[in-house]
Structure formats: structure tokens, C-alpha cells
Amino acid sequence: MEISAPKEWFALLDVLTEEKGMAILLGGTDTGKTTLANFLIFNLCRRGLRIALVDADIGQSTLGPPATIGLAQFKSDPDWGVVLSPAEIFFVGVATPEGHFPLHLKGVKRMVDRAIFYATDLILVDTTGFISGEAGKELKRRKIDLISPRFILALQKCDELEPILELYQENPLYRIYRLPLSEKVRPRSMEERRINRANKFRDYFKDSIIHELAIEEVRIEGEVLDPSGSPIPLDWALRINGILIGLKDGNDETLALALARNYLEVKKVVRVSTPLRDIQRVRTIQLSSLKVIPLYEEERF
Ligand SMILES: Nc1ncnc2c1ncn2[C@@H]1O[C@H](COP(=O)(O)OP(=O)(O)OP(=O)(O)O)[C@@H](O)[C@H]1O
Ligand SMILES: [Mg+2]
């Protein structure tokens with residue numbers, strides 16, 4: 001894709017090259033946040049910087065499948081495919097942060113801390129377009145307070161980010177850049193977004209194999225809620241073909257995602273399909289209420 005960049009985007013390259021650190025990208029849906037992140041990665045890698053991208057957009061993910069927070073390091077343009085490490089993921093289990101702030105924020109913090117550990121020159125945090133109302137403002141405020149990015153890169157059509165930005169305006173720890181949107185921004189319909197998520201899941205699970213997990217040998221976190229919000233008993237929940245689950249190791253790290261296939265009650269074993277080969281490392285399974293059906297189109301159970 002040809003990126004068309006306003007001149008302010010180029011000025012930002014100089015500032016980030018000079019100062020380095022961490023930048024969070026804020027903006028409503030379809031404001032060009034991800035494109036700006038790609039523009040920065042492409043141009044700053046050409047200047048020799050090493051960059052970590054934390055993809056906190058759990059709906060329209062670019063790193064890893066939906067419902068996860070992704071992390072990758074780059075030393076070249078993402079399209080060239082040269083990353084320093086494969087994308088790491090943190091399973092959140094929902095495709096929108098509303099009602100799930102604590103887990104979403106825990107994942108962002110986890111991935112940002114890891115990016116800091118990798119000591120890249122710049123950490124970019126791409127976010128969801130959920131900015132409206134008190135909830136949107138609160139999520140972004142908590143995220144900024146948690147990770148303390150030096151730069152806040154704001155893409156706004158009008159002044160919709162101002163309620164968030166005003167909280168940091170006078171604080172010398174933060175530098176706010178209000179950036180114009182590109183005229184080339186193309187809004188995506190709900191349907192396009194849903195298909196995009198379905199394609200991401202299909203890609204992710206394409207080389208899956210079936211494993212059996214003894215449920216008495218793993219810790220079980222979370223629950224599967226029915227459409228009215230009531231928890232479904234575990235042995236029923238595990239029978240739902242396509243329930244999305246996270247497979248975690250003993251350090252609470254997400255190893256991979258899996259889809260529940262069926263539950264063998266006598267053996268107390270759940271059969272799952274997952275691209276993970278080394279199933280012995282799984283210590284915890286984290287349930288979700290997302291169901292990824294055979295065409296890999298997810299729906300709320
Ligand atoms: N600077 C640009 N030059 C060319 N095309 C652009 C540019 N910015 C955005 N677009 C187009 O608009 C679409 C939406 O942009 P993008 O995905 O970057 O927005 P976003 O704010 O990350 O959206 P979301 O809220 O879904 O995460 C892109 O697929 C791309 O086609
Ligand atoms: Mg985006």
C-alpha cells in the first residue's frame with residue numbers, strides 16, 4: 001500500500017530519531033493509526049533504529065490473531081518480513097476492550113515491559129479506536145498512566161481526543177503531537193472488519209493439529225458466558241465446538257490459542273485444535289466467550 005504522509009508526519013520522524021523512547025498512537029476508528037505506525041517503522045528502520053510495536057488493538061489486530069495483544073521487533077519495514085523475533089501474543093479473549101479493561105491493560109503492560117526489556121530504540125503502541133464516551137476516555141487514560149509513553153501521537157478528525165489530551169497537556173512528562181489525518185484514509189465497514197477478523201483466525205489456525213488436554217492437570221481461568229451473561233458449567237462449556245481458549249505456560253505467558261473441539265467426560269479430557277506443537281508446556285487454559293466457527297468467523301456465544 002502506498003502511504004501518503006502529511007508533512008507533519010515527516011517532521012515527527014526527526015523528533016523520534018533524536019529522542020527515541022515510547023509513543024502511543026491515539027485516534028478514533030479509521031483515523032490511520034496503524035498506517036502511521038507502519039510509516040514510522042518503515043522510515044525509522046531505514047534510519048537504523050530498532051523498533052518494537054505493541055499492537056494493543058484486539059479487534060483489528062496486525063500482530064497475531066484478534067483477541068490478543070501482539071508484540072514484534074523490527075529492524076526493517078514490516079512488508080519486507082524481516083523481524084527480529086516472531087510476534088509474541090497475550091491472550092485477552094475478547095475483540096473489544098469494553099467491559100474487560102483489567103485484562104486488556106494487564107496485556108498492554110506485559111508487552112510494553114517486554115519491549116522495554118528488549119531495549120529497542122523506540123516502542124510504538126498502536127491502540128483500538130475506542131475513544132468515545134467516559135469509558136473510551138477512561139481506558140486510554142488508564143493505559144497512558146500505566147505505561148507512561150513519552151509521546152502521545154493524536155490523530156483526530158475534529159477535537160474528539162481533546163478530553164483525553166487535556167489530562168496530559170500541562171504535564172512535562174508527556175509530549176503531545178496532534179497530527180493531521182491523511183486524505184487517503186478509507187473507512188472500513190463492520191462487515192469488512194468482521195471478515196478481516198475471520199481471515200486472521202483462519203490464517204492463525206491453518207496448520208493446527210488436535211491435542212488432548214487433561215483438565216485435572218491444568219489450571220482453568222476465566223469462564224464461558226452465555227448470551228445473557230451467565231456462566232456455563234465447565235463440562236458444558238468445553239463441549240462447545242469452537243470456543244476460543246488461550247494456552248499458557250507456568251509463567252502466565254500465552255503460548256498459543258486453541259479451539260475447543262469436544263470434551264470426553266469419562267477421561268476428563270478436552271480435545272483442542274491449535275498450531276502449538278509442544279503441548280507439554282501448557283499449565284493453564286484461559287477460557288473465553290468467543291466462538292470461532294469452522295469458517296473461522298467468530299461470534300459471541
Ligand atoms: N496515510 C495513508 N495513506 C494511504 N492510505 C491510508 C493512509 N491512512 C489510512 N489509509 C487507508 O485507510 C485505511 C484505514 O487506515 P488504518 O487501518 O491505518 O486506520 P486505523 O485508525 O488503524 O483503523 P482502526 O481503528 O480500524 O485500527 C487503511 O487500510 C488504508 O487503506
Ligand atoms: Mg488500526
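What share of the contacts in the protein chain with a separation of 6 or more comes from residues 24 or more positions apart? Such pairs account for 70% of them, a contact being two residues whose C-beta atoms, placed from the backbone, lie within 7 Å. The model is predicted, so local features need pLDDT of at least 70 and side-chain atom pairs count only at pLDDT 80 or more, while totals for chains, interfaces and linings use all residues. Residues are numbered from 1 along each chain as its sequence is written, with chains lettered from A and ligands numbered from 1 in the order in which they are written.

The protein chain has seven helices and 15 strands (DSSP runs numbered from the N terminus: H or I of at least four residues for helices, E of at least two for strands). Its radius of gyration, taken over C-alpha atoms, is 20 Å, close to the 19 Å that the globule rule gives for 301 residues, so the chain is as compact as a globular protein of that length; the rule is 2.2 Å times the number of residues to the power 0.38.

Seven strands make an open, mixed sheet, ordered β4-β3-β2-β5-β1-β6-β7, where pairing takes at least two DSSP bridges between two strands. Strands β2 (51-55) and β3 (68-74) run antiparallel over five bridges, with Ile51 opposite Phe74 of β3. Helix α2 (33-46) packs on this sheet, touching strands including β1 and β6.

Note on methods
Axes are lines fitted to C-alpha atoms, for helices over the stretch in contact, and angles run from 0 to 180 degrees between N-to-C directions.
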